[in-house]
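Colleague: I would like a close look at a single part of this model, and then at how that part sits in the whole chain. Please take it slowly and keep it plain.

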Amino acid sequence: MGELIRLAMSNFTLTFFVFGVVAALIAIALKPGGFALDNVAEELLAYFILFTVAIAYFYNFVVHVFFGDVAASFIGWANSPFQAEVGYASLGFAAVGLLAFKGNCMVRLAAILGPALFQWGAAIGHVRNIAETGNMAPGNAGVMLYSDILLPVIGFALLWFKRSTDGSGIPGGAGKAYG
C-alpha cells in the first residue's frame, strides 16, 4: 500500500487529474439532468480546475516550499532557493484555481492560462535538460513531462467544451453566454 501511495504522490499531476474525473462523474450522476451535455461540460471543467489546478498546485506548493530538497532530487536537479519560488507561484495558481472552481469564464480562463504557460515553459526546460544532460529522473521525464504538455491542452479543451454547450445543452450553445 505504501508503494502505491508513493507512486500516486510522485505522479501527482496524473493522480489529481484522475481524482478530478472521478469527482466530476459522481457530480454529474447526482445532478438533475444527469449526463446532459451541459452538465457534463460544467462538471468536467469545474472538477478539472479544482483537482488539477487548485489541489495539485497546493500540493506542489507544499512539496517545493517545505521539502525542496526532495522536489529537486525528484527532478534530478540541485536544490536551490528557486524551489521556494516555484512553490509560492504554485500557491498563487492554487488560489486562483480554488476561486475558479465554480467561477465565471474569465476566472476559469485565468486558472487554466497561468498554469498552462508555466507547464509548457517547464516542459521546454525539461526537454532541454534531457537533451543536454540525459537527465531521465522521474520529475524531469515520464508522467511529469507528458502532463506538463497535455494537461493544459485538456484544460483549454474543457473550457471550449463548456462554452460550446452553454445555454442549450448542445455544442454551439444557442442560449445564454458563459460569463
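Modeller: Of the contacts in the chain with a separation of 6 or more, 64% are between residues 24 or more positions apart. Keep in mind that this is a predicted model.

Start with the chain as a whole. The C-alpha trace spans about 55 × 35 × 25 Å along its principal axes. For 179 residues, a compact globule would have a radius of gyration near 16 Å, and the 17 Å of the chain agrees with that. Of the 179 residues, 44% count as buried. The chain exposes about 9,200 Å², and carbon and sulfur atoms supply 75% of that area. As for charge, there are 8 positive and 9 negative charges, and their mean positions are 10 Å apart.

The part to look at is helix α2, which covers residues 12–30. It has 19 residues, and from the first C-alpha to the last it reaches 27 Å, close to the 27 Å expected at 1.5 Å a residue.

Which residues of α2 are buried? They are Phe12, Thr13, Thr15, Phe16, Gly20, Ala23, Ala24, Ala27 and Ile28. An α-helix has 3.6 residues a turn, so residues three or four places apart point the same way.

One is Glu43, which is found in α3. Glu43 has a relative accessible area of 4%, and because buried means under 20%, it counts as buried. Leaving out residues up to four places away in sequence, Glu43 touches Ala24, Ala27, Ile28, Lys31 and Lys102. Among these, Ala24, Ala27 and Ile28 are on the list of buried residues of α2. The C-alpha atoms of Glu43 and Gly97 are separated by 14 Å, and the two residues are 54 apart along the chain.

The other residue is Asn60, also found in α3. Its relative accessibility is 9%, so Asn60 counts as buried. With residues up to four places away in sequence left out, Asn60 touches Phe12, Val86, Gly87 and Ser90. Phe12 is one of the buried residues of α2. Asn60 and Ser90 are 30 residues apart along the chain, and their C-alpha atoms are separated by 6.2 Å.

Now move on to helix α6, which holds two further residues worth a look. Gln119 is found in α6 and is buried, with a relative accessible area of 8%. Beyond residues up to four places away in sequence, Gln119 touches Tyr57, Ser147, Asp148, Leu151 and Pro152. The C-alpha atoms of Gln119 and Pro152 are separated by 7.6 Å, while the two residues are 33 apart along the chain.

Is Leu109 buried or partly exposed? This residue, placed in helix α6 (residues 105–133), has a relative accessible area of 27%, so it is partly exposed. Again without residues up to four places away in sequence, Leu109 touches Phe156 and Leu159. Leu109 and Gly97 are twelve residues apart along the chain, with 9.9 Å between their C-alpha atoms.

Technical notes. Residues numbered from 1 in each chain as written. Predicted model: local features only at pLDDT ≥ 70, side-chain atom pairs only at ≥ 80, totals over all residues. Heavy atoms only, no water. Helix = DSSP H or I, 4+ residues; strand = E, 2+ residues; numbered from the N terminus. Expected span 1.5 Å × (residues − 1). Buried < 20%, exposed > 50% of the residue type's maximum accessible area, 1.4 Å probe, protein only. Rg over C-alpha atoms; globule rule 2.2 N^0.38 Å. Contact = heavy atoms within 4.5 Å. Areas by Shrake-Rupley, 256 points an atom, 1.4 Å probe, with all protein chains shown as cover. Lys, Arg positive; Asp, Glu negative; His and termini not counted. Charge placed at Lys NZ, Arg CZ, Asp CG, Glu CD.
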